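Please consult the sequence and the structure shown here while reading.

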Amino acid sequence: MSLTLYNTLTRRKEPFTPLNRDQVTMYCCGVTVYDDCHLGHARSYIGWDVVRRYLQWRGYSVRYVQNFTDIDDKILNRAKAEKLAMKDVADRYIAAYFRDIRPLNILDADEYPRVTDHIPEIHQLIQALEAKGYVYAIEGDVYYDVRQFADYGKLSGRSLNQMQAGASRRVDPNDPERKKRYPADFALWKAAKSDESAWDSPWGKGRPGWHIECSAMIRARLGGTIDIHGGGGDLIFPHHENEIAQSEALTDQPLARYWLHNGMVTVNGEKMSKSLGNFTTIRDLLDGKWLEYPRPIDPMAIRLFVLQAHYRKPLDFTPNAIEAAEKGWQTLKEALSLDLQLLNLSPQILSQPDSASVEQFQTALDDDLNTATALAMLFELAKLLKREFYLRYYCESHKLSDIQLVQRSQALIQLAQVLGLEIQQSPAKFAIDADWIEARLQQRQQARQARQYAESDRIRDELQSMGITIIDQPGGLTRWHQT
Ligand SMILES: Nc1ncnc2c1ncn2[C@@H]1O[C@H](COP(=O)(O)OP(=O)(O)OP(=O)(O)O)[C@@H](O)[C@H]1O
Ligand SMILES: [Zn+2]
């Protein structure tokens with residue numbers, strides 16, 4: 001049996017064979033760091049985490065790189081609004097990324113390159129493309145000339161004619177893109193509008209376009225051809241199409257052997273996104289601040305919600321679906337925490353996981369990572385284990401032999417772990433200084449009375465980040481407890 005993956009490039013499932021048997025190389029497009037991550041981002045990174053965990057379980061060693069886009073108009077706008085440097089905004093949301101993503105049991109990448117650390121590599125790449133005649137520079141902007149790249153459109157399946165027909169005729173004389181020779185051409189380097197956040201370059205002061213960063217970082221960190229390139233389906237065109245055009249024009253080698261794309265988390269059928277304003281942050285879900293379902297959601301229930309759907313399909317976010325995932329996690333959690341030592345089992349020989357369960361699990365995941373089928377199997381296993389436990393514990397009876405019970409229990413624990421579903425230890429509570437907290441609460445109260453709400457919110461957030469929950473009661477009383 002071999003692992004098959006759906007390759008967006010060939011539009012079919014293909015057996016997975018890495019370039020180098022010893023190490024799979026994998027790159028996924030990371031977040032643009034200008035705000036907290038939402039559930040759509042969580043889905044994407046849970047998906048890649050499972051690909052990585054599964055490959056490792058199948059015996060591959062995986063080198064996984066995920067970037068942070070720390071140059072972008074949205075980051076600049078946020079920095080301006082808050083009178084901060086772009087780097088401060090980026091640093092803040094990189095920290096927020098780890099704060100929110102790690103509780104979801106997503107393993108850290110091997111490397112997290114930032115665009116601002118790769119400006120020289122970006123220059124080199126653009127210069128090399130310039131030398132090969134793929135780019136043109138106009139007034140400090142540098143564009144990629146897509147008509148020079150014969151394979152342009154191969155990933156998204158769009159022809160240049162279709163792209164041209166779809167492109168609106170730009171008439172705005174202030175639009176910098178008006179300088180392009182062809183509508184589908186895209187910017188590799190953008191002339192600086194102000195001195196802020198601009199880098200010197202052979203074409204004048206400016207900053208890189210979005211697409212070139214991934215080509216440069218993949219090349220710098222993983223080499224000319226990688227095994228797996230991942231990202232959301234919304235990135236196929238133009239982002240990934242442009243990555244291919246940039247990298248392959250230079251090397252004449254495939255940039256990635258397998259292109260994997262996750263489906264979107266949707267709300268009422270529409271992509272969850274910042275710009276549409278229909279997003280729910282991971283933080284709000286974990287903290288019980290999602291208004292439609294205001295109670296803290298276990299990070300493993302979020303993971304389960306994501307994995308119950310096939311990674312390529314859209315996934316609609318509703319309170320009912322989250323509630324179902326919570327119940328599902330409850331069942332799994334109970335089975336994962338059964339204490340078999342209470343059952344006076346005969347001393348166990350070897351407790352290998354049950355081979356039939358392992359085989360079923362592998363068959364499901366080998367089929368383009370069908371986590372939904374794998375989970376259905378794990379639920380059956382969990383229910384069987386719970387029944388057996390209660391039968392033995394309360395009725396002094398049994399249906400499975402001791403060894404069958406232990407092997408099935410091992411299978412559940414190990415296979416759930418491949419999906420990153422694990423019972424997490426709650427972080428150790430720190431010793432609290434009650435007087436200090438009371439004093440902070442008083443300062444918060446004073447700030448509120450003085451209508452300094454930004455300050456009072458800041459104190460609340462500070463306490464919350466320390467695991468202190470504040471409950472404001474009628475009459476101005478405030479209670480608190482450590483969670
Ligand atoms: N609703 C979603 N469902 C699944 N994946 C998503 C969703 N939104 C973003 N992603 C994926 O998350 C990764 C990081 O996205 P990025 O930071 O570029 O956010 P984005 O697409 O700009 O989000 P937004 O539109 O909310 O600003 C990308 O691979 C993107 O495809
Ligand atoms: Zn990218």
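In which helix is Pro238 found? Pro238 is found in helix α7, where helices (H or I, at least four residues) and strands (E, at least two) are DSSP runs numbered from the N terminus.

## Basis of the model

The model is predicted: local features need pLDDT of at least 70, side-chain atom pairs count only at pLDDT 80 or more, and totals for chains, interfaces and linings use all residues. Residues are numbered from 1 along each chain as its sequence is written, chains are lettered from A and ligands numbered from 1 in the order in which they are written, and side-chain values use heavy atoms, with hydrogens and water left out.

## Domains and backbone geometry

The domain assignment divides the protein into domain 1 (4–262), domain 2 (266–418) and domain 3 (434–482); such bounds come from an automatic or database domain assignment. Taken over C-alpha atoms, the centres of domain 1 and domain 3 are 42 Å apart.

Phe237 and Pro238 are joined by a cis peptide bond, with omega of about 5°. Glu139 is not a glycine, yet has a positive phi of about 45°. Glu139 is placed in the loop between β5 (135–138) and β6 (141–144).

## Surroundings of ligand 1

Ligand 1 is surrounded by 22 residues, of which His38, Asp234, Val265, Met272 and Lys274 are the closest; a residue counts as near if one of its heavy atoms lies within 4 Å. Both domain 1 (4–262) and domain 2 (266–418) give residues to this shell, so ligand 1 lies between them. At least two shell residues come from each of α1 (39–57) and β9 (226–232), and α1 gives the most, with four residues. The shell has seven nonpolar, 11 polar and four charged residues, where Ala, Val, Leu, Ile, Met, Phe, Trp, Tyr, Cys and Pro count as nonpolar, Asp, Glu, Lys and Arg as charged, and the others, Gly among them, as polar.

Polar contacts are pairs of N or O atoms within 3.5 Å. A polar side-chain atom of Tyr34 lies 3.2 Å from an oxygen atom of ligand 1, and a backbone N or O atom of Gly40 lies 3.1 Å from a nitrogen atom of the ligand. A polar backbone atom of Lys274 is 2.6 Å from an oxygen atom of ligand 1. Taken alone, ligand 1 exposes 600 Å², and the protein buries 94% of that, with areas from the Shrake-Rupley method and a 1.4 Å probe.

The structure holds three cavities of 30 Å³ or more. A cavity is a set of points, on a 1 Å grid over the protein atoms alone, where a 1.4 Å probe fits but cannot get out; lining residues have an atom within 4 Å of a point. Grid points are joined across faces, edges and corners, and a volume is the space filled by probe spheres set on the points.

The largest cavity has a volume of about 110 Å³, and among its lining residues are Arg43, Trp48, Asn262, Tyr311 and Thr371. Its lining draws at least three residues from each of domain 1 and domain 2; α1 gives the most, with five residues. The second largest cavity, of about 60 Å³, is lined by residues including Leu125, Ser215, Arg219 and Leu255. Two or more of its lining residues come from each of α6 (210–221) and α7 (236–251).

Key:
Polar contact = N/O pair within 3.5 Å; in protein donor to acceptor, adjacent residues only side chain to side chain. 1 Å grid on protein atoms, 1.4 Å probe; cavity = no way out; pocket = protein on both sides within 12 Å on 5 of 7 lines; lining within 4 Å.
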